[in-house]
Amino acid sequence: MIIQLKAHAGQNYLDRLIKHLERDGIGRERLDIYSGDTYTLVGIKGDASRLNQDQYRALSYVLDVHRISDPFKELSRQFHPKNSVIRLAGGHRVGAELTIIGGPCAIETQQQLLKSAKLAAEAGANVIRGGAFKPRTLHRSFQGLGEEGLKYLDETRQALGLPVISEIMDASDIPLFEKYGVDIWQVGARNCLNYSFLDALSQVKNPRPVMLKRGDHVLMEEFLGAALRLYEGNPQVILCERGDKTPDRIHRNVLNLNNVAYLKQNYHLPVIVDPSHGSGVRKLVPDLGLAGIAAGADGLMVEVHYNPEKALCDGAQSLCREFKDLVPQARAIYDLRRPAATVRA
Ligand code: PEP
Ligand code: MN
């Protein structure tokens with residue numbers, strides 16, 4: 001970190017700053033001081049991540065504070081150039097091979113889940129999705145089957161031999177997710193910045209992989225901060241881009257593929273794109289999914305329902321047979337991209 005004093009700030013101010021730093025545990029031996037004709041710069045050697053930058057910036061004689069190292073360095077490719085690889089039950093490796101997650105938005109009945117999951121599995125899905133706890137805008141609409149849904153998900157996993165993912169909405173449901181052995185715990189967009197919840201998840205004793213969805217209009221630094229909170233307790237973190245709301249009435253959300261390319265180039269965690277919530281429009285889902293893979297994503301999560309017209313939740317963005325065409329195309333783009341997708345220093 002470098003602290004820049006205001007123009008012509010004299011020795012008096014420099015001494016005040018040094019005292020301030022000493023009070024924060026940074027001794028004189030860790031400082032490198034450069035005095036130019038106009039400006040004095042104070043460099044702090046070593047880890048200064050615990051210093052309150054804003055407090056220093058607010059000092060009357062300080063012009064600016066510059067952070068040198070990435071505040072999310074544990075997630076950065078600078079120190080961990082290779083992709084993080086997350087191995088799921090059954091052997092699938094997220095981050096090392098194309099990951100296709102398919103299944104219904106919400107688990108409605110045992111048969112609806114099984115039929116939809118079979119359709120997804122036959123098309124080439126590696127992971128089955130199904131929501132048991134649904135964060136619905138209207139509390140009077142279908143809220144999910146709760147524990148019963150997790151039971152059906154467990155049965156489906158056993159029937160198809162594929163790992164499953166489901167959204168956990170509250171820390172009090174942790175024992176249920178453990179009981180039914182949900183393979184990937186999804187943190188939905190609405191909980192992306194729910195810090196006490198993220199902390200509770202990061203403290204789970206035998207943690208499962210967690211997929212963190214970027215919340216609506218959540219900034220990259222907020223998203224990375226949330227991911228780091230989880231990562232400190234459980235390094236099996238997967239990121240998911242699902243877009244932001246838009247005033248445009250055609251789309252429910254707009255996918256931010258800049259984020260996908262940026263995250264993949266600079267950070268080592270796997271990134272999944274959700275073109276279903278990212279558009280809200282069935283006809284757009286395949287093309288946006290392919291664009292997500294082209295942008296560098298490690299995989300897709302797509303809502304698949306055997307009868308979308310009858311779906312209790314998100315039928316308008318759910319694929320049925322179209323999913324079968326999407327998977328090989330996603331694979332072709334993934335394979336095409338792979339040689340170039342090696343780490344950029
Ligand atoms: C979901 O994937 O089931 C979901 C509710 O999505 P989001 O949190 O992105 O709205
Ligand atoms: Mn949905």
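Because the model is predicted, local features need pLDDT of at least 70 and side-chain atom pairs count only at pLDDT 80 or more, whereas totals for chains, interfaces and linings use all residues. Residues are numbered from 1 along each chain as its sequence is written, chains are lettered from A and ligands numbered from 1 in the order in which they are written, and side-chain values use heavy atoms, with hydrogens and water left out.

The chain contains ten helices and 16 strands; these are DSSP runs numbered from the N terminus, with helices (H or I) of at least four residues and strands (E) of at least two. Along the principal axes, the C-alpha atoms fill a box of roughly 75 × 45 × 40 Å. Of the 345 residues, 51% count as buried, where buried means under 20% relative accessible area, exposed over 50%, and partly exposed in between (1.4 Å probe, protein chains only). Among contacts with a separation of 6 or more, 69% join residues 24 or more positions apart, a contact being heavy atoms within 4.5 Å.

Helix α1 spans residues 11-23, and its 13 residues reach 18 Å from the first C-alpha to the last, close to the 18 Å expected at 1.5 Å a residue. The expected span is 1.5 Å times one less than the number of residues. Leu14, Leu17, Ile18, His20 and Leu21 are buried in α1. They lie on the same side of α1 because they cover an arc of only 160° around the axis, the arc being that of the directions from the helix axis to the C-beta atoms. An α-helix has 3.6 residues a turn, so residues three or four places apart point the same way. The cover over the buried residues of α1 includes β1 (2-5), β2 (31-35), β3 (40-44) and α2 (53-57). On the face turned away from the buried side, α1 carries the exposed residues Asn12, Lys19 and Arg23. Just after α1, Gly25 adopts a positive phi of about 85°.

Helix α4 (residues 147-160) has 14 residues and extends 20 Å from its first C-alpha to its last, close to the 20 Å expected at 1.5 Å a residue. Its buried residues are Gly149, Leu150, Tyr152, Leu153, Asp154, Thr156 and Arg157, and the buried residues of α4 pack against α3 (110-123), β9 (164-167) and α5 (174-179). Gly161 follows α4 and has a positive phi near 70°.

In helix α8 (residues 257-266), the residues Asn259, Val260, Leu263 and Lys264 are buried. They are placed on the same side of α8 because the arc they cover around the axis is only 120°. Among the elements covering the buried residues of α8 are α7, β12 (237-241), β15 (271-273) and α9 (285-294). The N-terminal end of α8 is capped by Asn256, a side-chain oxygen of which lies 3.1 Å from the backbone nitrogen of Asn258.

An N or O atom in the side chain of Arg129 is 2.8 Å from an oxygen atom of ligand 1. Polar side-chain atoms also lie 2.9 Å from a ligand oxygen in the case of Gln186 and 3.0 Å in the case of Arg190. Taken alone, ligand 1 exposes 290 Å², of which the protein buries 97%.

Glu303 belongs to strand β16 and is buried, with a relative accessible area of 1%. Asp314 is found in the loop between β16 (299-303) and α10 (322-337), and has a positive phi of about 60° although it is not a glycine.

Methods. Polar contact = N/O pair within 3.5 Å; in protein donor to acceptor, adjacent residues only side chain to side chain. Areas by Shrake-Rupley, 256 points an atom, 1.4 Å probe, with all protein chains shown as cover.
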